[in-house]
Amino acid sequence: MRHYEADSTPAAARILALTVLADGGLDRDEIDAAMRTDLARRLGIGQLEFERILREYCDDLMLGAHYMDGMRLRLADEVLDLVLEDISEPALQQALLRAMQDIVSADGVETLAEVEVLGRALEKWGMKTSPGKLN
């Protein structure tokens with residue numbers, strides 16, 4: 001898995017990308033939701049940059065089969081933890097959690113895999129709020 005500078009725009013965009021792919025597939029509604037978040041606007045994440053980060057994330061997954069958990073397009077928990085550690089600024093963590101929830105809700109279906117990613121972020125970042133109470 002490639003490394004991005006801590007609290008950087010690419011590190012944040014990668015977390016949005018992994019949230020889009022958390023359920024194992026690309027969904028246009030989720031990608032559009034990622035681009036409509038306040039966080040994407042605040043960090044200046046445009047469509048082209050997000051698609052680049054999304055491709056890099058997919059490339060990293062395909063190059064490192066050990067990142068995979070079974071046959072699902074899912075990071076192993078220990079790798080997800082390392083990716084989440086790239087975000088240490090509490091305000092950015094909170095903004096990411098809101099954006100992640102927007103993405104997960106975008107297609108009207110919250111899968112177990114998506115909820116697990118949100119839960120892992122809450123746990124890793126030491127937040128007590130449940131995913132449904134971020135807004």
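A crossing of two helices is right-handed if the near helix is turned clockwise from the far one by less than a right angle. In this predicted model, the crossing of α1 and α4 is right-handed. The axes of these two helices come within 9 Å and cross at roughly 70°. Angles of 65 to 115 degrees count as roughly perpendicular, and α1 and α4 are therefore roughly perpendicular to each other. On the α1 side, the contact is made by T9, P10, A13, R14, L16, A17, L18 and V20. These residues meet E49, F50, I53, L54 and Y57 of α4. By class, the contact of α1 with α4 holds 10 nonpolar, one polar and two charged residues.

From α6, the residues L97, M100, Q101 and V104 take part. Their partners in α7 are E114, V117, L118, A121 and L122. The contact of α6 with α7 divides into seven nonpolar residues, one polar and one charged.

The largest nonpolar core has 43 residues. Within this core, I15, F50, L96 and W125 touch the most other members. Seven elements could be listed by name: α1 (9–20), α2 (28–36), α3 (38–43), α4 (47–63), α5, α6 (90–105) and α7 (112–124) each give two or more residues to the core. In soluble globular proteins, nonpolar side chains tend to be buried together. W125 is in contact with I15, L84, I87, Q93, L96 and L97, leaving aside its neighbours within four places in sequence. Two of these partners, I15 and L96, are themselves among the residues that touch the most other core members.

D81 lies in helix α5, which spans residues 77–84. The relative accessible area of D81 is 16%. Buried means under 20%, so D81 is buried. Not counting residues up to four places away in sequence, D81 touches R120 and K124.

L112 lies in helix α7. Its relative accessible area is 63%. Exposed means over 50%, so L112 is exposed. L112 and A22 are 90 residues apart in sequence. In space, the C-alpha atoms of L112 and A22 are 9.2 Å apart.

How values were computed: Residues numbered from 1 in each chain as written. Predicted model: local features only at pLDDT ≥ 70, side-chain atom pairs only at ≥ 80, totals over all residues. Heavy atoms only, no water. Helix = DSSP H or I, 4+ residues; strand = E, 2+ residues; numbered from the N terminus. Buried < 20%, exposed > 50% of the residue type's maximum accessible area, 1.4 Å probe, protein only. Contact = heavy atoms within 4.5 Å. Core = buried A, V, L, I, M, F, W, Y, C linked by side-chain atoms within 4.5 Å. Axes fitted to C-alpha atoms, helices over the stretch in contact; angles between N-to-C directions. Parallel < 35°, antiparallel > 145°, perpendicular 65-115°, else oblique. Nonpolar A, V, L, I, M, F, W, Y, C, P; charged D, E, K, R; others polar.
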